[in-house]
Amino acid sequence: MTEQNHDNFAASNEDHIGPDASLLIVDDDGPFLRRLARAMETRGFQVETAESVAEGVAKSKGRPPKYAVVDLRLGDGNGLDVIEAIRQRRDDTRIIVLTGYGNIATAVTAVKLGAVDYLAKPADADDVFSALTQRPGEKAELPENPMSADRVRWEHIQRVYEMCERNVSETARRLNMHRRTLQRILAKRAPK
């Protein structure tokens, strides 16, 4: 990208972001966090990062951001606590929730707390930028490649597994599935 093209790209992004470009990204996956932070900086945001609920809450209380990207599952707790901390200080923050598994109940809770969108990890920087800068009333574009039936099944199994607090025996019982079969499914990567 030439310098002039880069300047034009940054100027057009500033129109979408607005005068307050503060962005807090909270994720305990260090490499993903650093990659996303760099990508958002190149798009015009002033990025702060946190790798835990405690650090995210502290940064939210110190300087509540205009934008936030929060992972739901963090090593020391739940990202919903960070969302609550942001909302206590600032009600106009655009919050995007990231998670490594699909969970409708958690998505509903996140939206009730003030999240504006919910993205499955690994979300790419373009998806995050679009979600952060989407204008009120704009409809999100339909995905080019909707989830396959295998992926929908896998997401359902993950949701029940999380509801059972990651107890394989209880999850297998609720899904009416043999425990070993469930263990094999859980050991595999998510289907496309």
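Student: Within what distance do the axes of H7 and helix H9 come, and at roughly what angle do they cross?

Tutor: Two packed helices are described by the angle between their axes and the distance between the axes. An axis is a line fitted to C-alpha atoms, for helices over the stretch in contact, and angles run from 0 to 180 degrees between N-to-C directions. Here the axes of H7 and helix H9 (residues 179-187) come within 11 Å, crossing at roughly 110°. That makes H7 roughly perpendicular to H9; angles under 35 degrees count as roughly parallel, over 145 as roughly antiparallel, 65 to 115 as roughly perpendicular and the rest as oblique. Contact means heavy atoms within 4.5 Å, and on that basis Arg153, Trp154, Ile157, Gln158 and Tyr161 in H7 meet Leu182, Ile185 and Leu186 in H9. By class, the contact of H7 with H9 has 6 nonpolar, 1 polar and 1 charged residues. For these classes, Ala, Val, Leu, Ile, Met, Phe, Trp, Tyr, Cys and Pro count as nonpolar, Asp, Glu, Lys and Arg as charged, and the others, Gly among them, as polar.

Student: What kind of model is this, and how are its residues numbered?

Tutor: This is a predicted model, in which local features need pLDDT of at least 70 and side-chain atom pairs count only at pLDDT 80 or more, while totals for chains, interfaces and linings use all residues. Residues are numbered from 1 along each chain as its sequence is written, and side-chain values use heavy atoms, with hydrogens and water left out.

Student: How many helices and strands are there in the protein?

Tutor: The protein has 9 helices and 7 strands. Helices (H or I, at least four residues) and strands (E, at least two) are DSSP runs, numbered from the N terminus. Of the 192 residues of the protein, 43% count as buried; buried means under 20% relative accessible area, exposed over 50%, and partly exposed in between (1.4 Å probe, protein chains only).

Student: At roughly what angle do the axes of helix H7 and helix H8 cross?

Tutor: The axes of helix H7 (residues 149-163) and helix H8 (residues 168-175) cross at roughly 125° and come within 9 Å. H7 and H8 are therefore oblique to each other. On the H7 side, the contact is made by His156, Ile157, Val160, Tyr161 and Met163, and on the H8 side by Val168, Thr171, Arg174 and Leu175. The residues of this contact of H7 with H8 comprise 6 nonpolar, 2 polar and 1 charged.

Student: Which value of phi does Glu165 have?

Tutor: Most residues other than glycine have a negative phi, and most peptide bonds are trans. Glu165, however, has a phi near 55°, a positive value in a residue other than glycine. Glu165 is found in the loop between H7 and H8, and is exposed, with a relative accessible area of 71%. Arg166 has a positive phi of about 65° although it is not a glycine. Arg166 is also found in the loop between H7 and H8, and counts as partly exposed at 42% relative accessibility.

Student: Are H3 and H4 roughly parallel or roughly perpendicular to each other?

Tutor: The axes of helix H3 (residues 53-62) and helix H4 (residues 80-89) come within 9 Å and cross at roughly 10°. H3 and H4 are therefore roughly parallel to each other. Val53, Gly56, Val57, Ser60 and Lys61 in H3 meet Asp81, Val82, Ala85, Ile86 and Arg89 in H4. These residues divide into 5 nonpolar, 2 polar and 3 charged.

Student: How should I read the distance between Gln88 and Ser60?

Tutor: Gln88 and Ser60 are 28 residues apart along the chain, and their C-alpha atoms are separated by 9.2 Å. Gln88 lies in helix H4 and is exposed, with a relative accessible area of 58%.

Student: Is Asp71 buried or exposed?

Tutor: Asp71 is buried, with a relative accessible area of 3%, and is found in strand E3 (residues 67-71). Not counting residues up to four places away in sequence, Asp71 touches Val26, Asp27, Asp28, Gly79, Leu98, Thr99 and Lys121. In an unreviewed entry, UniProt lists Asp71 for "modified residue: 4-aspartylphosphate"; UniProt positions are given in the numbering used here, feature names are shortened, and annotations may be inferred rather than shown by experiment.
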